[in-house]
Amino acid sequence: MSRYYLAPLEGITTYIFRNAYHRHFTPMDKYFTPFFVPHSKKGLSAKEKREILPENNEGLYLVPQIMSNHAGDCLKTIGKIKEYGYKEINLNMGCPSKTVVSKGRGSGFLAFPEELDRFLDVVFAGIRDMDVRISVKTRLGRDEPEEFYHILEIYNKYPLEELIVHPRVQKDFYKNTPNLGMFAHAGECSKSPVCYNGDIFDSEKCKEIQKEFPRASAFMLGRGILMNPLLLERIKGKVGEKEIRTAKLRGFHDQLYNDYRALGMGDKNVLFKMKELWCYLGQSFPGYEKTLKRIRKAERLDRYEAAVEEML
Ligand SMILES: Cc1cc2nc3c(=O)[nH]c(=O)nc-3n(C[C@H](O)[C@H](O)[C@H](O)COP(=O)(O)O)c2cc1C
């Protein structure tokens, strides 16, 4: 039986989102926090603590994610996260954002394989007595997919809990299509279980990929879930009648909206959060462009609520 994970999406898959998703739709086997960047002096920020507090994540399997190219700082952050009871930590070697890459982090780290190797060496030595497992979420490289041959040799030196591969390079950002040939190479040659991630936007695509890679340990879904939170129901063949689907979406939306409002972040920020989600969710509502525009343009909560009422 396939396993499914919710991808980390910075700013979107917050603990508020993860809880709302988990309650209203087919639960994922694993959830990941968006990345934490360690700072050598500071401890975890209030926002980071909220993300991982066990009482904010009850009943779901959460893997905190760290993005770093500094082994010492990374180990300190692993130690702090462990205090909350976590036994699995994910390392981000995939983020393509220019500000991250210019600092040699995320997928930018992949351009420095020797440093990457040294980093992993120190991190794995440092966690030897820590009772914590490390997984990696990676792209294929910075510029060329072939960089992955060498990068995978490096990953293979370490006992990774899992290797999650988004088979694009940094310079693709989200353009072009995932390189399935190179993912096949990961599947054949990785010493760790390999999870597939990238462009699973409908159940047909998911089935195609599962058929091609039956040995993948899991499938990670990101934007596909934002566009259609019922995607995993569809994949598992459990999707209900239209009324049930709409009721689930409504329940999910209202929980998300009310929980963000309850944080006291101000109406503007609540609207920003909700509109960001609608950028994706709106794609499930073809023919509703006018209502979507009203959602996008809403500058007050009452206007937003009226537009959503029409939509759901
Ligand atoms: C807005 C946005 C934020 C993201 N934030 C993170 C992040 O914090 N950590 C991470 O590993 N990947 C992050 N990603 C990458 C996703 O986890 C995922 O690898 C990517 O979207 C491809 O999967 P998908 O096609 O299923 O969306 C982000 C992607 C997007 C679009």
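Phe-124 and Tyr-158 are both buried, where buried means under 20% relative accessible area with a 1.4 Å probe and protein chains only. The model is predicted: local features need pLDDT of at least 70, side-chain atom pairs count only at pLDDT 80 or more, and totals for chains, interfaces and linings use all residues. Residues are numbered from 1 along each chain as its sequence is written, and side-chain values use heavy atoms, without hydrogens and water.

The structure holds 13 aromatic pairs; rings of Phe, Tyr and Trp (its six-membered ring) pair if their centres lie within 6.5 Å, and planes under 30 degrees apart count as stacked, over 60 as edge-to-face and the rest as tilted. Tyr-21 and Phe-25 make a tilted pair, 5.4 Å centre to centre with 35° between the planes. Tyr-21 is buried at 0% relative accessibility, and Phe-25 is buried at 3%. The pair of Phe-124 and Tyr-158 is stacked, because the planes stand at 25° with the ring centres 5.4 Å apart. Phe-124 belongs to helix α5 (residues 113–126) and Tyr-158 to the loop between α6 (147–155) and β6 (163–165), so their pair ties together parts 34 residues apart in sequence. Ring pairs also link Phe-17, Tyr-21, Phe-25, Tyr-31 and Phe-252 into a cluster.

Asn-197 lies in strand β7 (residues 194–197); strands are DSSP runs of E of at least two residues, helices runs of H or I of at least four, numbered from the N terminus. Asn-197 is buried, at 8% relative accessible area. Its side chain reaches the backbone oxygen of Met-220 at 3.2 Å.

Key. Buried means under 20% relative accessible area, exposed over 50%, partly exposed in between (1.4 Å probe, protein chains only). A polar contact is a pair of N or O atoms within 3.5 Å; within protein, one must be able to donate a hydrogen and the other to accept it, and residues adjacent in sequence count only if both atoms are side-chain atoms.
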